[in-house]
Amino acid sequence: MMTEVRPRIRLPRSASAGDSIVVKTLINHDMESGQRRNSAGETIPRQIINRFTCEFNGVMVLDAALEPAISANPYMEFEAVVPESGDFVFTWYDDNGEVYTATETFEVS
């Protein structure tokens, strides 16, 4: 049974222009690897988030391919330079063609 897919983002409260900040994301997703069987012995189809991207003001910050070994509710932590105030756009893509997007505005001081 698939859990409700819900992205969560954590950004620092403040930074100066040009600073490197730590970005944390987590998305609720079962990440079924396709290796397990149900109670009837049938293989449960693979259903994972296979790609994650992050853009800041239209510039790609991170583009990651994810594989079945990633755990449920994948957590990503990475650094990004914020040259100015703007919008982070986070996108997760899964095997069924579903796309989950979250946007967070970040203001530099």
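Predicted model: local features only at pLDDT ≥ 70, side-chain atom pairs only at ≥ 80, totals over all residues.
Residues are numbered from 1 along each chain as its sequence is written, and side-chain values use heavy atoms, with hydrogens and water left out.

**Exercise 1. Aromatic pairs**

Determine how many aromatic pairs there are, and classify the pair of Phe52 and Trp92 by its geometry.

Step 1. Rings of Phe, Tyr and Trp (for Trp, the six-membered ring) pair if their centres lie within 6.5 Å, and the planes count as stacked when under 30 degrees apart, as edge-to-face when over 60 and as tilted for the rest. By this rule the count comes to seven aromatic pairs.

Step 2. Phe52 and Trp92 lie 5.2 Å centre to centre with 45 degrees between the planes, and this pair is tilted. Phe52 belongs to strand 3 (residues 49-56) and Trp92 to strand 6 (residues 86-94), so the pair ties together parts that are 40 residues apart in sequence; strands (E, at least two residues) are DSSP runs, numbered from the N terminus.

Step 3. Both Phe52 and Trp92 are buried, where buried means under 20% relative accessible area, exposed over 50% and partly exposed in between (1.4 Å probe, protein chains only).

Step 4. For Phe88 and Phe90 the ring centres are 5.8 Å apart and the planes stand at 15 degrees, so this pair is stacked. Phe88 counts as buried at 0% relative accessibility, and Phe90 counts as buried at 0% relative accessibility.

Step 5. One aromatic cluster is formed by Phe52, Phe56, Phe78, Phe88, Phe90, Trp92 and Phe106.

**Exercise 2. The nonpolar core**

Identify which residues of the largest nonpolar core touch the most other members.

Step 1. A nonpolar core is a set of buried Ala, Val, Leu, Ile, Met, Phe, Trp, Tyr and Cys residues joined through side-chain atoms within 4.5 Å. The largest one has 23 residues, of which Ile21, Val23, Phe88, Phe90 and Trp92 touch the most other members.

Step 2. Two or more residues of this core come from each of strand 2 (19-27), strand 3, strand 5 (75-82), strand 6 and strand 7 (99-106).

Step 3. With contact taken as heavy atoms within 4.5 Å, and leaving aside residues up to four places away in sequence, the residues that Phe90 touches include Ile9, Leu11, Val23, Phe52, Phe78 and Tyr100.

**Exercise 3. Strand 5**

Sort the side chains of strand 5 by the face to which they point.

Step 1. In a regular strand the side chains alternate between the two faces of the sheet.

Step 2. Strand 2 and strand 5 run antiparallel and are joined by eight bridges, and Lys24 stands opposite Glu77 in strand 5.

**Exercise 4. Salt bridges**

Find how many salt bridges the structure holds, and locate the partners of the one between Arg46 and Asp95.

Step 1. With a salt bridge defined as a side-chain nitrogen of Lys or Arg within 4 Å of a carboxyl oxygen of Asp or Glu, the structure holds three salt bridges.

Step 2. In the salt bridge of Arg46 with Asp95, the closest N and O atoms are 2.6 Å apart. Arg46 lies in the loop between strand 2 and strand 3 and Asp95 in the loop between strand 6 and strand 7, so the pair ties together parts that are 49 residues apart in sequence.

Note on methods
Helix = DSSP H or I, 4+ residues; strand = E, 2+ residues; numbered from the N terminus. Pairing = 2+ DSSP bridges.
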